[in-house]
Amino acid sequence: MLTTEQIEGYERDGFLVIEGFASAAACAALRDRANELVDEWQPSADRTVFTTEQQDRVSNHEFLSSGSTTWCFFEEEAFDDTGALRQPKRLSINKIGHAMHDLDPVFERFTFTPELAQVAGDLGLDHALALQSMYIFKQPGIGGEVGCHQDATFLYTDPMTVTGFWFAIEDATLENGCLWAAPGGHRSAGLRQVFKRAGAMTDHDGTVFERLDDTALPTPPHDLVPLEVDAGTMVVLHGLLPHWSGPNRSERSRHAYSVHCISAAAHFPAWNWLQRPASMPLRRLDAVAAQIASAR
Ligand code: FE2
């Protein structure tokens with residue numbers, strides 16, 4: 001699937017851009033299904049807002065249980081001063097997460113493909129398990145910034161194996177908040193911090209950051225390059241690579257889908273925020289892709 005040049009580029013840069021990975025039809029099917037999930041979704045009284053800037057506010061029951069559910073998280077700027085939505089619900093959601101790949105047939109078909117399993121294998125991710133899925137809306141006008149981070153902070157394994165597969169469902173541009181990445185930044189320093197369930201440390205089910213390395217992450221856009229890509233492009237992100245995306249103040253949304261995989265051979269500590277019940281084990285990309293193909 002991948003050329004030697006692509007694999008070497010990924011090892012050097014910490015990311016790899018593959019144009020035309022997903023078909024226009026597959027992107028359209030995923031976007032339509034994401035909109036349906038939002039339409040069907042009824043927010044609870046205790047609303048969940050997602051920004052990486054204010055993790056405290058999302059460290060609640062809905063967030064911590066969303067590793068095994070399909071949950072819609074509002075944009076921080078979705079509400080006015082009275083707490084009412086400023087625009088229709090469909091234009092107010094930051095993202096859907098984090099188990100659609102196991103719970104929804106449309107997301108499952110998009111995720112578990114022989115092509116994705118092959119790319120993961122080519123990049124050295126043995127027996128890749130699909131851990132987390134996110135559908136990100138980056139809504140027009142209010143799409144929030146995602147602060148500079150390393151994915152291994154939020155999905156930790158020993159050794160580090162988390163790898164992000166990010167799909168542009170719509171064109172991503174400088175105007176609507178495309179991804180930015182720090183070329184080679186996965187090699188220049190280690191994992192800066194980990195995000196843990198507070199567990200026994202507190203009397204509530206909150207989360208804490210634990211500092212591992214004081215090396216500063218890049219200050220956007222310094223040391224980062226923009227990844228302006230067309231719909232259908234897949235961007236692979238190394239788990240230690242610093243990346244960021246700015247707010248979307250344009251009139252165009254920037255939908256994206258991301259899947260994070262880990263190696264089945266790595267240890268996934270129970271203090272990770274994302275936990276699955278025993279009844280819902282993680283599934284392998286290659287095995288499920290083969291099952292789907294044989295069922296056709
Ligand atoms: Fe990320």
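Me: Is His-127 buried, partly exposed or exposed?
Reply: In this predicted model, His-127 lies in the loop between α7 (114-122) and β4 (128-136). Its phi is near 50°, a positive value in a residue other than glycine. Buried means under 20% relative accessible area and exposed means over 50%. The relative accessibility of His-127 is 44%, so the residue counts as partly exposed.

Me: Is Lys-138 buried or exposed?
Reply: Lys-138 is found in the loop between β4 and β5, and its phi is near 40°, a positive value in a residue other than glycine. The cut-off for buried is under 20%. With a relative accessibility of 3%, Lys-138 therefore counts as buried.

Me: Which strands stand at the edges of the open sheet of four strands?
Reply: The strand order is β5-β12-β7-β10, with antiparallel pairing. Two of the strands have a single partner each, so one side of each is left without a neighbour in the sheet. These edge strands are β5 (146-149) and β10 (225-227).

Me: How many residues apart are His-149 and His-243?
Reply: The protein donors of the iron ion are His-149 (NE2), Asp-151 (OD) and His-243 (NE2), lying 2.1 to 2.2 Å from the ion. His-149 belongs to strand β5 and His-243 to strand β12, and the pair links distant parts of the chain. Both histidines are buried. Their separation is 94 residues.

Me: Which residue does a cis peptide bond join to Asp-158?
Reply: The omega of this bond is about -5°.

Terms used:
Residues are numbered from 1 along each chain as its sequence is written. This is a predicted model: local features need pLDDT of at least 70, side-chain atom pairs count only at pLDDT 80 or more; totals for chains, interfaces and linings use all residues. Side-chain values use heavy atoms; hydrogens and water are left out. Two strands pair if DSSP finds at least two bridges between them. Donors are N, O and S atoms within 2.8 Å of the metal (3.2 Å for Na, K and Ca); water is not among the atoms, so sites may look incomplete. Buried means under 20% relative accessible area, exposed over 50%, partly exposed in between (1.4 Å probe, protein chains only).
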